[in-house]
Amino acid sequence: MQTIAGLATARGFVAGPAFIYRGDGDVPVPEYVVESGREGDELLRLRRAVLETRRDLEGLIAALRERSDRGGSGVRLFESHMMMLEDPALIGAAERLIRDERLNAEAAVRRTVDSARAQFERMNDPYFRERVRDFDDLERRILSALTGFGSEPHLELKTPSVIVADDLTPSETVRLPREYVLGFAMNGGSTTSHVALLARSMGVPAVSGLGDVTERVKAGDTVLLDGTNGTVVINPDVATALEFRDLVERQKEITEEASIGAPAGTLKGGGEIRLYANFHAGVPMDDVRAHGARGIGLYRSEYLWLNRELQPTEEEQFKAYREAAEFAAALDKDASVSIRVLDIGGDKMVRGVSARESNPFLGNRSIRFLLSHRDVFRTQLRAILRASAFGRIKLMYPMISCVEELREASKVLDCVRSELDAEGTEYDRKMPVGMMVEVPSAAINAAAFAKLVDFFSIGTNDLVQYVMAADRGNDAVAHLYQPTNPAVLKLVRLTVDAAKACGIQVSVCGVSAADPIVGILWAAMGVDMLSVSATYIPVLSKLLHRLSRADLDEYAKVAETAGDDATGEEVFSACRKWMYGRFPDLDNIVL
Ligand code: PEP
Ligand code: MG
């Protein structure tokens, strides 16, 4: 039995066999000497693989052209890979190794690319150093063609398992067959990376930052995954396994208990903090309903774009948005669904659409991307507006950083409305339009923005990373990623006060809202709604049922009067202490 401690990334407990997921980058490279006289066959294998790689790249380039990749950066990038592939110095060198040293094709490719990579790694110019990544990418394509490995690793997952991986991209995560994913144990990652969000929205536990779990677990080993406390036990002894089974049972009871009774988020003595669910394509709607969500506070539309060759059509989007609007309407009489327009970029890269940027979190992402790809923006707005005739939809812009963006977006929206009017197409003329507050400039200037929109939704995942300059997905700076840092609290305070002054609604939809200590703090600071992955609703609801508005006011003071010189950890500890003072049985409640 081994116990490894990591970061509690998605709440919950699960036990199951390990499935070691080796991502696209991990193609094994065998090395051997081919039989004398078989060099010709080996050369043929290499040539076939090069041909397949060329076809692969041609297909990709054609798809990018079709999508009228505006700056053409994607097309240029893969054209440069094509040129590298056709460079006789590269493939020619690999062929020589096969002929002269009777090396197998995989090893010949690895050696040749290694030596090219080394030349670029030595260069000081960042542009040339970046070429190393191009070699990595091209090498992976050729090796995948040679070995058949790496392109579809998810297909090997055939039974319900705990996914043990180095780290996963959002695309890799959503490609996994949902019915076989019991949870995630990852070497790297952080509590706010997209795989973490995905685990929560799938309702499965996850532990990240485990260091070398992929080396310590063998396929099929029994894994006890505790996403609430951030630990993983490999091959437990009988006593540990039984204790764990009890935890699983207790967790089930709490969920069942919290989903009956007063509506989620009702406060003791009256009032409420509405508890909504975060949602995206692939989340089981039944899960959302079962956990007591009263609407959808964040619909991440970008998941309709992941893992596909062509962008979703207007019709496809319309169907998806309409379905969500109808579903929300059935949850609660006042329910709505806040559809956030395409938020790609950062760590959510869409194959063939996202440009390669050296600093994607500060690049052409989200609303910036949409304003520079008006055709994509218009199509999405048409689909959302059309769906608004079938249920209460709110439109939400991500990553707004200055008023110009909001004005530009409004112009496009007006144009689309006029188009629909001219066609006589029905839509909700009063559809509320809001914005995410997730860039510090938006929070600092919230008073101005509040006059321009119908609601705010604070995206703490990004807000914290931008305020603290700490990458939300980088384990090495996880200690600086502090939702309760006084600087973050000040921005939340500015945003809430600006919303109240203008009489608009304000919610929090970042992951921090799912943490009972922090989520309740946002509620205490005055937000009207928390939107979290549905599985987190029962615990928040249970706590809110036991707190009155006066309790919340007192709680907000604890955090906000801790002082500007308090550390994020100190503020968090003060909040924790207050909570435990109120709820000595907190551990049982939040389990
Ligand atoms: C956020 O930034 O808090 C947010 C909800 O958006 P996302 O995590 O999708 O970037
Ligand atoms: Mg965000």
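This is a predicted model: local features need pLDDT of at least 70, side-chain atom pairs count only at pLDDT 80 or more; totals for chains, interfaces and linings use all residues.
The space inside the largest cavity amounts to about 80 Å³, and the count of cavities of 30 Å³ or more comes to 5. The reasoning behind such a search is that rolling a probe the size of a water molecule over the atoms shows where empty space is left.

Because Glu438 sits in the loop between β13 (433-437) and α15 (440-444) while Asp462 belongs to helix α17 (residues 460-468), the pair ties together parts that are 24 residues apart in sequence. Glu438 has a relative accessible area of 2% and is therefore buried, and Asp462, at 2% relative accessibility, counts as buried too.

Helix α17 leads on to an open space, for α17 is among the elements that supply at least two residues to the lining of the second largest pocket, together with β2 (7-10), α19 (516-524), α22 (568-582) and α23 (586-590). The volume of the second largest pocket is about 1,200 Å³, and of the 41 residues that line this pocket, Ala8, Thr191, Asp515, Val518 and Phe572 are the closest to its centre. The element that gives the most to this lining is α22, with 5 residues.

Helix α18 (residues 486-502) is made of 17 residues, and its first and last C-alpha atoms are 24 Å apart, close to the 24 Å expected at 1.5 Å a residue. At its N-terminal end the cap is Asn485, a side-chain oxygen of which lies 2.8 Å from the backbone nitrogen of Ala487. The buried residues of α18 include Val488, Leu491, Val492, Thr495, Val496 and Ala499. Just after α18 comes Gly503, with a positive phi of about 70°.

Helix α3 (residues 88-101) can be read in the same manner: its 14 residues should span 20 Å at 1.5 Å a residue, and the 18 Å between its end C-alpha atoms agrees with this. At the start of α3, a side-chain oxygen of Asp87 comes to within 2.9 Å of the backbone nitrogen of Ala89. Buried residues of α3 are Leu90, Ile91, Gly92, Ala93, Ala94, Glu95, Leu97 and Ile98, and the helix is followed by Arg102, whose phi is positive, near 50°.

Two further details concern side chains. Ser507, in strand β15 (residues 505-508), counts as buried at 4% relative accessibility, and its side chain is joined to that of Ser457 by a polar contact of 3.1 Å. As for cysteines, Cys402 counts as partly exposed at 23% relative accessibility, and the structure holds 0 disulfides.

Methods:
Residues are numbered from 1 along each chain as its sequence is written. Chains are lettered from A and ligands numbered from 1 in the order in which they are written. Side-chain values use heavy atoms; hydrogens and water are left out. Helices (H or I, at least four residues) and strands (E, at least two) are DSSP runs, numbered from the N terminus. The expected span of a helix is 1.5 Å times one less than its number of residues. Buried means under 20% relative accessible area, exposed over 50%, partly exposed in between (1.4 Å probe, protein chains only). A polar contact is a pair of N or O atoms within 3.5 Å; within protein, one must be able to donate a hydrogen and the other to accept it, and residues adjacent in sequence count only if both atoms are side-chain atoms. A disulfide is a pair of cysteine sulfur atoms within 2.5 Å. On a 1 Å grid over the protein atoms alone, a cavity is a set of points where a 1.4 Å probe fits but cannot get out, and a pocket is an open set with protein on both sides within 12 Å along at least five of seven lines; lining residues have an atom within 4 Å of a point. Grid points are joined across faces, edges and corners, and a volume is the space filled by probe spheres set on the points.
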